[in-house]
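Colleague: I would like to go through this model with you and ask what each label rests on. Please set the values against the cut-offs.

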Amino acid sequence: MGERHNKASLRPAHVRTLLIDNYDSYTYNIYQQLSMVNGGKFHHYPVPPVVVHNDEWTWEYLQQILYKEKAFDNIVISPGPGSPSCPGDIGICLHILHECDDIPILGVCLGHQALGYVHGARIVHAAEPVHGRLR
């Protein structure tokens, strides 16, 4: 007969998130929420994500961290100014989206646009600004 495990021993210690900051102040609102979610209801302490700017790490370094060291369970790509079609605005994020199809990735605002962009979506401007509307 196999070894018995209680449910608590099967839960991971915590979730490790890499949060890519596209130079947006809202990044730290996401940081706060991820800190609580990553600790989870079974842990009594927050587990903050690691935050790096979109131009802070090289692809080679990020590849080592993600695949050799397995330092993160998921990636969140933050909001930011600009367009996903402009490499200067999105930094390493497009490389991540093209290469890391085996890691869960969440995009918020610009990050969400970038997810669509790498999968063939056209990014167009709205007829009028709609950011921040409640309805």
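Colleague: Which exposed residues does the face of H3 turned away from its buried side carry?

Modeller: That face of H3 carries Glu60 and Lys68. Exposed means over 50% relative accessible area, buried under 20%, and partly exposed in between, with a 1.4 Å probe and protein chains only. This is a predicted model, in which local features need pLDDT of at least 70 and side-chain atom pairs count only at pLDDT 80 or more, while totals for chains, interfaces and linings use all residues. Residues are numbered from 1 along each chain as its sequence is written, and side-chain values use heavy atoms, with hydrogens and water left out.

Colleague: How do you know that the buried residues of H3 line one face?

Modeller: The buried residues in H3 (residues 59-68) are Trp59, Leu62, Ile65 and Leu66. Seen down the axis of H3, they fall within an arc of 130°, so they line one face of the helix. The arc is taken over the directions from the helix axis to the C-beta atoms. The cover over these residues includes S1, S3 and helix H5 (93-99).

Colleague: Which residues of H2 are buried, and what do they pack against?

Modeller: Thr27, Ile30, Leu34, Ser35, Asn38 and Gly39 are buried. They lie within an arc of 150° seen down the axis of H2, so they too line one face of the helix. They pack against strands S1 (17-21), S2 (50-53) and S3 (74-77). Gln33, Met36 and Val37 are the exposed residues on the face turned away.

Colleague: Why is threonine 17 called buried?

Modeller: Threonine 17 has 2% relative accessibility, so it counts as buried. Threonine 17 belongs to strand S1. Its contacts (heavy atoms within 4.5 Å) beyond four places in sequence include Leu34 and Asn38.

Colleague: What joins the side chains of threonine 17 and asparagine 74?

Modeller: A polar contact of 2.7 Å joins them. A polar contact is a pair of N or O atoms within 3.5 Å; within protein, one must be able to donate a hydrogen and the other to accept it, and residues adjacent in sequence count only if both atoms are side-chain atoms.

Colleague: Why is lysine 70 called exposed?

Modeller: Its relative accessibility is 51%, so lysine 70 counts as exposed. Lysine 70 sits in the loop between H3 and S3, with a positive phi near 50°. Not counting residues up to four places away in sequence, lysine 70 touches Arg16 and Ile65.

Colleague: How many residues has the largest nonpolar core?

Modeller: It has 21 residues, and among those with the most contacts inside it are Leu18, Ile20 and Leu62. S1, H3, S3, H5 and helix H6 (110-118) each supply at least two residues of this core. Such a core is a set of buried Ala, Val, Leu, Ile, Met, Phe, Trp, Tyr and Cys residues joined through side-chain atoms within 4.5 Å.

Methods:
Helices (H or I, at least four residues) and strands (E, at least two) are DSSP runs, numbered from the N terminus.
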